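Subject: Structure handover

Hello,

Here is the structure I promised. Please open it alongside this note.

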Amino acid sequence: MLTSSRVKMPRHNDVADLHIFALFESAATALHVTFSKGQGCGAEFMKHLVSQRAKAKMGHGYMTQKLKLVVVGNGMAPGRMLEHLLDAGDAYDVTIFNAEPRVNYDRIMLSPVLSGEKSFDDIIIHDEAWYKDNGITLHMGAKVSKIDREAKTVTSENGITESYDKLVLATGSDPFIIPCPGHDLEGVLAYRDLDDTNAMRDAAGKGGSAVVIGGGLLGLEAAAGLNILGMDVTVLHLMPTLMERQLDTAAGYLLEKELESRGIDIRCKSNTKQIIGEDGKVCGVELDDGTLIKCDIVVMAVGIRPNVQLAKDAGLEVNRGIVTTNGMQTSDPDILSVGECVEVGGMVYGLVAPLYQMAKVAASHLMGPSDAGFVHTETPTKLKVTGCDLYSVGDFAEGDDREDIVLRDAKSGTYKRVIIQDNKIIGAVLYGAVDDGGWYNEMLKSGEDISDMRDTLIFGQAFQGGGAVDPLAMVANMSDDAEICGCNGITKGTIVSKINAMGLTTLAEVRAHTKASASCGTCTGLVENVMALTLGDDFKLPDVETMCGCTKHDHGTVRRMIKAKELKTIPAVIQELEWSTPEGCAKCRPALNYYLVSDWPGEYVDDQQSRFINERVHANIQKDGTYSVVPRMFGGITTPDELRAIADVADKFSIPTVKVTGGQRIDLLGVKKDDLIPVWKDLNDAGMVSGAAYAKGLRTVKTCVGSDWCRFGTQDSTGLGIKLERLLWGAWSPAKLKLAVSGCPRNCSESTCKDIGIVCVDSGYEILYGGAAGLHIQGTTKLGNVETEEEVLEYCGALTQYYRETGFYLERIYKWADRLGYDHVKSVIYDDAEQRKAYYERFLFSQTFAQVDPWAERVQGAEAHEFSPLADFSSREAAE
Amino acid sequence: MTVQDNQWIAIGALDDIPRQGARRVITNAKTIAIFRTSQDAVYALEDRCPFKDGPLSAGIVHGTTVSCPLTNWVISLETGEAQGADVGKTGVFPVKVEGGRISLCLEEKQLQNA
């Protein structure tokens with residue numbers, strides 16, 4: 001499953017970056033840790049270890065028997081706990097049983113996976129190499145079903161039994177499924193792990209509509225993701241306003257308006273009566289007022305339930321969660337618990353910061369007697385969906401002894417409210433302008449008296465000193481105890497000391513060694529500022545692969561936002577995505593023009609001034625400013641009449657060079673700009689159209705002679721090549737697209753290094769793609785075999801459309817497939833008939849606007865200004 | 001420099017050039033590219049990039065600059081100078097728009113700061 005051992009750290013992302021930690025390990029992972037050395041442990045623990053070893057010696061007659069730690073659960077909290085244990089210097093022998101069939105990954109980042117911005121590999125925290133390097137054996141897909149506290153063993157459903165000296169339960173939580181009629185229909189999904197995310201992506205690939213039940217963090221995350229993927233989304237929320245646990249009604253209202261403006265239908269005060277099915281599949285939702293909403297999937301995101309069954313069966317004290325002391329110890333002294341399954345101090349937790357705190361406390365107690373104890377702190381909630389930034393922390397209920405300071409700016413859509421009790425901040429809700437969230441939270445935590453600044457408090461930190469705040473100066477003024485990374489509880493002092501002690505210079509290193517900004521990534525800017533202050537001139541901002549200097553966004557973000565915000569002109573993109581230049585540059589404008597052509601067929605008017613000269617004049621500019629002209633020859637087949645016409649054109653316009661190209665076409669080189677139109681007219685008159693040899697689009701389909709002539713030919717490769725080229729011509733794509741069809745595996749038309757290649761075999765056709773034979777050389781990868789020509793056309797059309805919709809400008813198909821993964825492309829285009837048909841239909845629709853010969857249009861007078869000079873004084877001057 | 005009235009030559013209408021586009025004026029000595037920005041400002045440069053002689057009239061116009069179609073050098077429409085790290089300069093010609101008609105002076109402009 002894993003192809004590399006890298007662990008990518010999340011960066012800022014613009015959509016649906018919910019600061020929530022959905023840790024839902026199902027009841028069932030066992031981790032088995034063995035101490036082999038005692039260094040790094042306290043003296044008390046050494047004593048403990050020695051006594052354990054003495055016991056072992058009694059039993060087995062020698063001293064090497066190891067102490068065993070079993071952990072049930074392999075989510076983020078136990079993963080972090082293990083890191084702390086390993087950091088303490090102990091070498092462990094570890095065995096993990098994980099109910100999910102995969103390694104530990106960052107569940108906060110599931111929404112970028114849903115929206116397609118990240119792949120699963122991108123969000124892995126511990127890859128397989130990590131377990132191996134640390135002596136951990138990981139049993140994936142092994143759900144623990146029984147704890148025998150007498151014998152001190154755990155047993156998994158698939159029959160693996162391990163004994164333990166210490167046991168840690170990290171069984172996480174399960175999504176709460178409303179037990180209404182129809183809740184078990186096919187198409188009712190939760191949003192808790194990668195499988196759910198993939199199921200939603202699959203559903204979205206087929207289009208249609210979705211109902212999300214639950215307008216809390218997770219539900220809105222799912223809704224935003226599905227909306228970006230192009231589904232019609234309705235959110236049903238029981239309460240009068242969205243996210244009522246984190247937002248007051250005013251902020252909830254602003255959020256609702258914002259989401260509705262993107263086409264998400266929000267229905268508050270809606271109670272689901274039943275989910276309606278047809279043939280066992282979801283087809284709609286009925287509300288208790290009788291309203292019917294049609295839909296293809298239902299996502300339940302109404303809350304989570306600590307998963308306590310295993311603990312309960314073992315006779316441990318269980319309330320809402322598994323009850324622990326503030327040292328994370330359950331009612332059995334040899335069993336600890338961490339994560340969302342825990343109830344500590346009467347509270348259960350779902351956000352990442354407290355769970356990581358539990359992990360640290362548990363690790364500390366596992367290393368020996370410790371004073372470490374879990375302390376409740378207010379964890380801020382941030383929702384980062386572009387255009388609706390919000391931040392809330394603390395208590396914001398109204399009360400007689402409480403005061404509110406509120407700032408509203410309807411025009412800019414911002415709302416700030418700070419709740420004060422006894423001259424101290426006890427809560428804050430910010431919408432639209434969230435920069436001061438951290439500042440309010442610092443004062444909330446420190447309990448600072450705000451009497452002196454109450455007049456200006458609501459305007460934020462910048463107004464306290466008078467001038468605008470310099471973010472670097474703000475960080476400089478922070479105390480060493482100030483928390484920079486809320487997810488991981490990392491203070492400024494920790495980051496500074498690690499940078500100095502270990503000589504860290506890059507953000508990636510700081511993340512690797514401190515974890516600061518390594519979870520949700522929203523504090524990346526702060527961490528960079530801490531680095532800048534500590535390193536001075538040695539600090540260089542990491543290179544973000546932005547589209548160009550005009551924007552901070554990368555290609556993926558821009559493509560996503562064009563769809564999500566329905567941006568349909570270049571000025572709209574530049575305005576809405578906050579370009580730093582007034583009208584882009586020669587790098588971003590052609591890319592934006594392509595994205596808009598691709599995303600809004602029939603609606604977007606191609607902006608000629610944003611195309612490179614070759615695509616503007618439909619010929620290739622040469623080094624001397626003349627052009628080359630290539631007429632199309634479908635499948636590389638021509639006729640004597642066509643050849644005669646080409647020869648006549650070459651004579652008539654004194655074209656100096658006539659060459660056969662690598663793609664089996666004839667190239668007329670050295671045509672003067674002013675001659676382009678008459679050259680095209682003559683070629684048009686002979687029945688030829690533009691060969692698009694200049695286009696980031698379909699170029700050529702190269703063929704061999706196949707079964708018509710060749711004694712080895714298995715199929716009519718020439719005929720198929722012609723059909724493919726007739727299907728695909730005119731299509732714009734992220735980069736040029738070249739195909740070939742070979743009549744047999746001898747492969748005379750070189751299909752195995754083309755963007756898309758077909759190799760005919762006796763039983764049908766092999767479809768290959770992702771080849772390259774330019775600067776980079778790589779063979780194609782097989783998409784799969786098909787039996788008929790019609791299938792070849794459908795599969796190639798769908799593959800082309802998928803590439804058109806998700807490729808980055810100038811990204812050849814092999815780079816695109818390398819990025820997405822060949823297995824993934826195959827799963828969408830080859831394995832999934834419904835998705836394939838949907839892509840193919842979109843391709844055919846798009847082609848109805850694209851298959852117009854640009855030469856003929858220009859011969860008829862279109863874009864005439866491109867081809868003739870504004871004024872020509874050369875003859876007049878000569879006459880003078 | 002001051003252009004004498006008799007030095008102005010009428011070359012066409014503003015609307016003959018698309019916004020963010022360019023047209024050529026051909027003389028025996030050289031070709032001059034006439035640019036129209038998105039804000040309807042008009043500029044005239046020799047149609048030759050100082051790097052590899054690329055026809056600037058075929059470039060992409062953004063703001064008051066044009067990117068050369070051959071090498072992507074960015075040339076200022078105001079000064080004719082290459083932008084960024086590149087060094088080079090192409091000729092700038094006086095041009096004016098009156099009543100929607102464009103006039104050009106074929107005598108190269110001597111820029112004070114150039």
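Below is what I found in it.

This is a predicted model: local features need pLDDT of at least 70, side-chain atom pairs count only at pLDDT 80 or more, and totals for chains, interfaces and linings use all residues. Residues are numbered from 1 along each chain as its sequence is written, while chains are lettered from A and ligands numbered from 1 in the order in which they are written.

The interface first. In chain A, 23 residues are in contact with 25 residues of chain B (contact: C-beta atoms, placed from the backbone, within 7 Å). On the chain A side, strand S41 (871-872) and helix H28 (874-879) each give two or more residues. H28(A) gives the most, with 3 residues. Helices (H or I, at least four residues) and strands (E, at least two) are DSSP runs, numbered from the N terminus.

Asp872(A) has Ile26(B) as its bridge partner in S2(B).

Next, the core. The largest nonpolar core has 262 residues. Such a core is a set of buried Ala, Val, Leu, Ile, Met, Phe, Trp, Tyr and Cys residues joined through C-beta atoms within 7 Å; buried means 20 or more other C-beta atoms within 10 Å, exposed 12 or fewer, partly exposed in between. Among the residues with the most contacts inside this core are Val298(A) and Ile34(B). Helix H9 (residues 352-366) of chain A gives the largest share, 10 residues.

Last, Arg819(A) lies in helix H24 (residues 813-820) of chain A. Arg819(A) counts as partly exposed because it has 14 C-beta neighbours inside 10 Å.

Best wishes

Note on methods
Contact = placed C-beta atoms within 7 Å. Pairing = 2+ DSSP bridges.
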